[in-house]
Amino acid sequence: MRQKRHWRRAARIRAVRPPMRNGINASPLRLPHGAWATVDEWIFERFGEEGRELLHNGDIFADNAECVWPGASYRPGQRLWFFRPVPDEPTEPITVPILAQTQRYIIVDKPHQMATIPRGSHVAQSLTVVMRRQMKNDDIVAAHRLDAETAGCVLLTTDPQWRGAYQKLFEQRRVEKTYYALARYAPNDPIGVWQRSDVRLERGHTDLVASVVAGEPNSQTRLRLVSTYGELGCYELRPITGRTHQLRATMAHRGTPILADPLYPQVLDPEETANRPYPLQLIAAQLSFIDPYTAQPVTVYSNRVFLAGNGAVRWERD
C-alpha cells in the first residue's frame, strides 16, 4: 500500500514538474512564510545575485511549467522549481559503452569516478544524465547504484513503467553480482578457495564511511583469491547482502584493502585523493538475472580492466 502511494505521489510530481533541460531535472523548493512582496525580494535575500540571475534568465518555474518572472507576487507555501547552474558541464559530449540493450533497459559499462545519479557537484557528468543525453531519452533512470569510485555494469530503465520490476530484482537480491578487486593479498589466502566474511557494518557519525563493529552480522560476502602478481592479488567478490560500501569495508577489515581506496582503511583528504595514480581498483564485472518480463536469463560482463599493476593482473570470466 505504501509503495502504491509512493507511485501516485511520484506521478503527481511528474505531472507538474517542468520538463527536463538536457537531461537534468529542476529542483523543488517551497516558499517560506514571510513578508516579502515579490519573489525578487525573497530570492535575492536567499540566494543573492545568483538567485536574481536565475529569475531574470527564466530558470524558475511554478507548477505546470509556468515561468516565474521578475515582479511575481510572493505567495508563502508556493512550490517553485529551480534550474540551477550545472557545476560540471563537460566541454565535449561523454559517451559510455552499452553492454546490453532492450526496449525496457540498457546495461552500461560505467567508468571509474562517475556518480550513478546526479548529486552535489556530480550532475551533468553523472551516469544517469550522461545516458539521458547519449540516448536522447529523459526517462532513463538507474535501477540500482554503484559507487562513483567503482567501474562496471549498471542497469538503467528506459521508461517509468519498467523501473519498478527491475528495481525489485535488486531489492529482493535476485540479481547475482560479481565484482573483482585488486589488493595486496593476504599470504594465508589460498588461490581459488571460496571464503565467507560475515561482519556487522554501521555508518560513522560523518555518514561517510562504514565501520565493522561488534554485534550480529548484517553483511555477508563470499570471496576468493583468483590470481597473484608479485604482492598484488585479484579477488573475486560476490556480495550476498547489499550494504553501503560493503565490499570496500569488508576487504579493509580483513587486512586486504582494495588498492587506491580513498575511504578504507583510512580517509584520504581531497588532495591525497586527487594525487592517486589510479582510482579505486574495483570493477562490477558481471550482472546475472532472470528478466521479469521475458523470464529469460540475462548475463552481462564488463570490459573494464585494472589500471594498476601495469595490466599484469586481470580478472577472467568464469
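Reader: Is Q113 buried, partly exposed or exposed in this predicted model?

Author: In this predicted model, Q113 lies in the loop between strand 6 and helix 4. Its relative accessible area is 47%. Buried residues are under 20% and exposed residues over 50%, so Q113 counts as partly exposed.

Reader: Which other residue has a positive phi of about 60° although it is not a glycine, and in which loop is it found?

Author: The residue is A65, with a positive phi of about 60°. A65 has a relative accessible area of 35%, so it is partly exposed. Its loop is the one between strand 2 (60-62) and strand 3 (66-67).

Reader: Which strands stand at the edges of the open sheet of four strands?

Author: The strand order in this open sheet is 1-4-2-3, and the pairing is antiparallel.

Reader: How many residues lie between strand 5 and strand 6 in their hairpin?

Author: Strand 5 (residues 98-101) and strand 6 (residues 105-110) run antiparallel and are joined by three bridges. A100 stands opposite I107 of strand 6. Between the two strands of the hairpin, the number of residues is three.

Reader: Which residues touch the most other members of the largest nonpolar core?

Author: The largest nonpolar core has 26 residues. Elements that give two or more residues to this core include strand 6, helix 4 (127-135), strand 13 (232-239) and helix 6 (246-253). The members that touch the most others are V108, L127, M131, L156, Y235 and L237.

Reader: Which residues does L237 touch, not counting residues up to four places away in sequence?

Author: L237 is one of the core members that touch the most other members. With residues up to four places away in sequence left out, L237 touches K177, T178, Y179, A181, R222, L223, L247, M251 and L282.

Reader: How many residues does the second, separate core have?

Author: The second core is separate and includes L155, Y166, F170 and L287. Its number of residues is 15.

Reader: Why is helix 6 largely enclosed by the rest of the structure, and which strands are included in what covers it?

Author: Seven of the eight residues of helix 6 are buried, so the helix is largely enclosed. The buried residues are Q246, L247, R248, A249, T250, M251 and A252. Their cover includes strand 9, strand 10 (195-203), strand 11 (210-213), strand 12, strand 13 and strand 14.

Reader: Which residue just after helix 6 takes a positive phi?

Author: The phi in question is about 90°. The residue that takes this value is G255.

Reader: Which two residues does a cis peptide bond join, and about what is omega?

Author: P265 is placed in the loop between helix 6 and helix 7 (270-274). The cis peptide bond joins Y264 and P265, and omega is about 5°.

Reader: With which side chain does the side chain of S288 make a polar contact?

Author: S288 is in strand 14, and its relative accessibility of 13% means that S288 counts as buried. Q286 is also placed in strand 14. At 11% relative accessibility, Q286 counts as buried. The polar contact, at 2.9 Å, joins the side chain of S288 to that of Q286.

Definitions and conventions: Residues numbered from 1 in each chain as written. Predicted model: local features only at pLDDT ≥ 70, side-chain atom pairs only at ≥ 80, totals over all residues. Heavy atoms only, no water. Pairing = 2+ DSSP bridges. Core = buried A, V, L, I, M, F, W, Y, C linked by side-chain atoms within 4.5 Å. Buried < 20%, exposed > 50% of the residue type's maximum accessible area, 1.4 Å probe, protein only. Contact = heavy atoms within 4.5 Å. Polar contact = N/O pair within 3.5 Å; in protein donor to acceptor, adjacent residues only side chain to side chain.
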